[in-house]
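Let's take a look around this one, charges and all. Have the structure open as you read.

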Amino acid sequence: KKVRMEKDMSDKDDYNRLLRYLYVDDTFVNLEMVKQGYATVFPYPPDVKYAEQFLAAQQEARGKQLGLWVAVETSDK
């Protein structure tokens with residue numbers, strides 16, 4: 001498989017963690033995690049290149065009660 005990392009504006013965060021968007025072949029891993037409900041979105045400027053896509057995917061995952069959102073939606077009722 002082909003793995004590719006894409007940088008936004010910042011190289012590392014305050015904890016010295018490498019900040020990258022990850023692709024495996026043609027799959028945008030960061031976005032897939034959000035779509036499936038396995039990651040939450042926290043846009044942190046200036047690294048917001050895909051923020052709108054991530055937020056839309058999160059809203060859809062939450063609406064479908066996927067992954068992390070199952071417990072949240074159940075406990076909200």
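Which residue has its backbone nitrogen 2.9 Å from a polar atom of the side chain of Asp-47? That would be Met-9. Bear in mind that this is a predicted model, so treat the distances as computed ones.

Asp-47 sits in the loop between α1 (29–35) and α2 (51–63). This aspartate is buried and yet makes no salt bridge. Its nearest side chain of opposite charge belongs to Lys-7, and that is 7.0 Å away; a salt bridge here needs the nitrogen within 4 Å of a carboxyl oxygen. Setting aside neighbours within four places in sequence, Asp-47 is in contact with Asp-8, Met-9, Ser-10, Leu-19 and Tyr-21.

**Charges that do pair up**

Searching the whole structure turns up 6 salt bridges.

| Arg-4 | Glu-6 | 4.0 Å |

Arg-4, Glu-6 and Lys-49 are linked in a network of salt bridges. Is Glu-6 buried or exposed? Glu-6 counts as buried, because its relative accessible area is 11%. Since Glu-6 lies in strand β1 and Lys-49 in the loop between α1 and α2, their pairing ties together parts that are 43 residues apart in sequence. Arg-4, at 40% relative accessibility, is partly exposed.

The Lys-64 and Glu-60 pair can be read the same way, residue by residue. Lys-64 counts as exposed, because its relative accessibility is 53%, while Glu-60 comes in at 47% and is therefore partly exposed.

**A greasy spot on the outside**

Which residues form a nonpolar patch on the surface? They are Val-3, Met-5 and Leu-18, and together they have about 310 Å² of accessible area. Val-3 has its place in strand β1 (residues 3–6), and it counts as exposed because its relative accessibility is 55%.

Back in strand β1, then, you'll find both exposed Val-3 and Glu-6, the strand's link to Lys-49 in the loop between α1 and α2.

Notes:
Residues are numbered from 1 along each chain as its sequence is written. This is a predicted model: local features need pLDDT of at least 70, side-chain atom pairs count only at pLDDT 80 or more; totals for chains, interfaces and linings use all residues. Side-chain values use heavy atoms; hydrogens and water are left out. Helices (H or I, at least four residues) and strands (E, at least two) are DSSP runs, numbered from the N terminus. Buried means under 20% relative accessible area, exposed over 50%, partly exposed in between (1.4 Å probe, protein chains only). Lys and Arg count as positive and Asp and Glu as negative; His and the chain ends are not counted. A polar contact is a pair of N or O atoms within 3.5 Å; within protein, one must be able to donate a hydrogen and the other to accept it, and residues adjacent in sequence count only if both atoms are side-chain atoms. Contact means heavy atoms within 4.5 Å. Patches are made of residues with over 30% relative accessible area and no salt bridge: like charges are joined within 9 Å, nonpolar side chains (Val, Leu, Ile, Met, Phe, Trp, Tyr) within 5 Å. Accessible areas come from the Shrake-Rupley method with a 1.4 Å probe; for residues, only the protein chains shown count as cover.
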